[in-house]
Structures are given as structure tokens and as C-alpha cells.
Amino acid sequence: MREVAVIGIGITKFGELWDKSFRQLIAEAGSKAILDAGIEGKEIDEMYVGSMSSGRFVGQEHVGALVADAAGFSHMHIPSTRVEGACASGGLAVRQGYLSIASGMNDIVVVGGMEKMNDVGGNDATATLATAADQEWEAFFGTTFPALYAMIATRHMHEYGTTKEQLAQVAVKNHANGAKNPYAQYRREITLELAMNATTVAYPLGLLDCSPVTDGAASLILCAADKAKKYTDKAIKIIGSGQGSDSLALHGRRDICTLDATVHAAKTAYKQAGITSKDIDFAEVHDCFTIAEICAIEDLGFVKKGEGGKAIDNKITTLDGSLPVNTSGGLKSKGHPVGATGVAQMVEVTQQLRGEAEARQLKDAKIGLAHNVGGSGATCVIHIMEAM
Ligand code: COA
């Protein structure tokens, strides 16, 4: 298997982007990444793009072809494929690009992720997101995503004594990080009091425990590592790639507080990288709700099961903690344009490893991890990255 590196990154501002079309968003992220890598269109072997539900959000399917067209490459007939795995669509698109280079089939691949979620109203956005849940056993009965994660949170509180305050502290931390990120949807810090007293969405989750509804796109240029030097001296190697799946509905899980898809994907990625969770310096994890970050740091092996809340109390995961988590602001504050999220997480990891994260730059970070989840945990994809 060949080694693979990231040689270019691009991202749009995240938020309610009324003045930009779906097509413009992906063209902006893709062209930034292509310019960053310094590649020419004729050097691109293949393209993969993650989008969860463009048909319902903006009435546009067939987005593989749209992306090649929007990038101005339709006359070159470059293969371009859309990948879907709910909120993990972006991470899965990266993995497909990664595998195609690792296999020897391609040398340079453009990966994109995008979603434009605000063109529909709030109720439609909630119903569209619920298509990632089990229709027969969950969504049909009115279950929404906040409700699914609320069940996980309630169980976690019952089993491990996790508190509403610990959940709120995740939001406070991620808003503090997002305030330092020029691409974030919410560039404002929040207080613990505000988070604790926010309107309840699904108990125990309040408004500020939830990721928002977001428009945005992100892109990466992947290259065979032995050819990366031709383009850049700041390539970032992908040293591990893992994916896992689980039952679509929560009730099919061994334990709803553990995302076994994460546990499986992490095991595979750590093994491939030849490291353990102790070697990770920082991580972007899928905090679609605050409880999801607490479960993630446990399932990735950063802390023991049940001790995620305590890790928040002990400030382990803050920017100056021993294991910073979601330096970008995470899905909570940076925003969560579902198909773009997995790609955007890797943009952040690349910026940190290149030393380009400005006000949120970590000192001496060598190995970063990106953790992207689909639905309530039926899909998980993890990438581990290291500066070359
Ligand atoms: N975090 C912080 N602020 C938020 C927010 C969030 N998640 N969602 C909305 N806001 C703010 C808005 O900016 C607005 O502020 P303003 O009055 O100062 O302009 C205010 O709250 C009301 O916004 P509105 O859009 O009317 O909120 P809403 O009630 O329609 O939606 C949620 C709030 C939480 C229901 C919505 O963000 C949501 O559904 N989030 C979950 C998304 C999801 O499930 N993703 C998939 C995860 S797997």
C-alpha cells in the first residue's frame, strides 16, 4: 500500500450563507485547495465529494458531476463520485480518495465535502437530518437527532454520574475555540450560565448543547506521499485510516453510551499508524451534541469509559490542556454543514500540523486525529495525520 499525504486545503466561511449557491460553495473550497497545492487541473486523477442530502436541502442530486463542472473540469472528463454516509459523508469521501491512492490507482485526488442546509426551514432541516436515523424504528415515531443524543446523554448521566454542567462546559470550551476561528459560524464565547440556562431542545440538551444548521464546504488535495515534495514542503501524511459501522437504530446497540463504530474505526487506524491513543496530541471529534464529545473522548481511548465528564472538569481538552479537543470550535461553534464536516475537520488538523492555526495554534503538536460520525453512530471514520 502506498502512503498518502494532504498537499492542499480549502474551506469556506461556515454559517447562514444566503449570498452563495451550493455550486459556488464547493467551487470556492475546491479552488482554494487547488491553489494551495499548486496543482493543475490536468494532474487530477479523480474526485470524491461528500454530501448527505443535497436533494432535500437544495433540490440537487448528481453532485459528483456538479463538482467537476463547478470546478471547470467537465471538459477533462475526470471521474467524480459522490459519497454518502449521513454526517460522515465528508470523512468517507476522504477515505475513498485515500484508498484510491494507497491502492496505486491514482496519484492526485481532489476530495470535497459540502452541504447547504439553510435553504429549507427549520422543520424541514430537522426532518431531513432524521433521514439518517432508522426510519421504521426511530424517525417514524417522531424521533429527532437532538432526541437520540438526549437519550444517550440521559443514560450516560445515569450510568456514570455525568452532569448537565459537564455537558455545558463542552459548549463553553468549543465556543471559546470557535471565537478564534475566522471560518466559524459562531465566533462568540459563551458563559457556563448561558449554556446551562439555554432553552431545552430535548432534555438534558439545551440550545447550546446542539450543533447548528450550517452552510459550508471544505476540500483537500490528496497525493501519493512519494510525489508530495514536488508540490509542497508542508505535506501532512495520513498515517492511519479506519472505518466502522453499527446498528442504524440506537436500540440495536450493545450499549448506547459507547459508539462501537468509533471503537472499531479507532482500533484499525491506531494499528495502521503503529501508535496508541496515548500518542495523539490533539483531536477534532464529532461533537454534534455536547454528549457526543464526551462519548468520543472515551471511545477513542483518551480517557476511561465514564470519565469523559471528569476530563472536561479537569480541563484536559482545552486549548492549553494535555489533549486539546476541537481546536476549530468543533461542530458546536464552527458549525456542522453535514457533508462538509469530515473534510473540514481534516483542514483543521492540517492547519495545526502546518503551524497555520493562528490564534488557536497548539505548541509542538505532531500527531492529530479526525473523528467523523454518521447518524447516532452507525458509521464512523477516523484519520490520523502527522507532519512529514
Ligand atoms: N448553537 C448556538 N446558537 C444557536 C444554535 C446552536 N446550535 N442554533 C441556533 N442558534 C441561535 C441563532 O443564531 C439565533 O440567534 P439570534 O437570535 O441571535 O440570531 C437563535 O439561536 C435562534 O435561532 P433559530 O435558527 O431560530 O434556532 P432554531 O430553534 O430554529 O434551531 C436547533 C435550534 C438547536 C433546533 C438547531 O440548531 C438544530 O436543529 N440543531 C441540531 C442540528 C442537527 O441535528 N444536526 C445533525 C447532528 S447528528
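Where does Gly321 lie? Gly321 is in the loop between α11 and α12, where helices (H or I, at least four residues) and strands (E, at least two) are DSSP runs numbered from the N terminus.

**Before the tour**

This is a predicted model, in which local features need pLDDT of at least 70 and side-chain atom pairs count only at pLDDT 80 or more, while totals for chains, interfaces and linings use all residues. Residues are numbered from 1 along each chain as its sequence is written, and side-chain values use heavy atoms, with hydrogens and water left out.

Select Gly321. Leaving aside its neighbours within four places in sequence, Gly321 is in contact with Lys315 and Ile316; contact means heavy atoms within 4.5 Å.

Now select Asn326, which lies in the loop between α11 (308–313) and α12 (330–334). Asn326 is not a glycine, yet it has a positive phi of about 60 degrees. Is Asn326 buried or exposed? Asn326 counts as buried because its relative accessibility is 0%; the cut-offs are under 20% relative accessible area for buried, over 50% for exposed and partly exposed in between, with a 1.4 Å probe and protein chains only.

**Second stop: other backbone features**

Move to His62, in the loop between α2 (54–58) and α3 (63–70). His62 also has a positive phi of about 60 degrees without being a glycine. With a relative accessibility of 63%, His62 counts as exposed.

Then select Tyr203 and Pro204. The peptide bond from Tyr203 to Pro204 is cis, with omega near 10 degrees. Pro204 is placed in the loop between β5 (200–202) and β6 (205–206). Most residues other than glycine have a negative phi, and most peptide bonds are trans.

The area buried between domain 1 and domain 2 is about 3300 Å², with 67% of it given by carbon and sulfur atoms. Buried area is the accessible area (1.4 Å probe) that two parts lose on being put together, summed over both. Select Phe14, Cys87 and Ile236: they supply 22% of the area that domain 1 buries against domain 2, more than any other three residues.

Show helix α7 (residues 164–178) and helix α10 (residues 290–299), whose axes come within 8 Å and cross at roughly 95 degrees. That makes α7 roughly perpendicular to α10, a term for angles of 65 to 115 degrees. Axes are lines fitted to C-alpha atoms, for helices over the stretch in contact, and angles run from 0 to 180 degrees between N-to-C directions.

Which residues meet here? Gln166, Leu167, Val170, Ala171, Lys173 and Asn174 in α7 meet Thr290, Ile291, Glu293 and Ile294 in α10.

From Glu293, turn to Phe140: they are 153 residues apart in sequence and 27 Å apart in space, C-alpha to C-alpha. Phe140 is in the loop between α5 (122–129) and α6 (145–160). At 65% relative accessibility, Phe140 counts as exposed.

Finish at Gln351, in helix α13 (residues 341–354). Gln351 counts as buried, at 12% relative accessibility.

Note on methods: Parallel < 35°, antiparallel > 145°, perpendicular 65-115°, else oblique.
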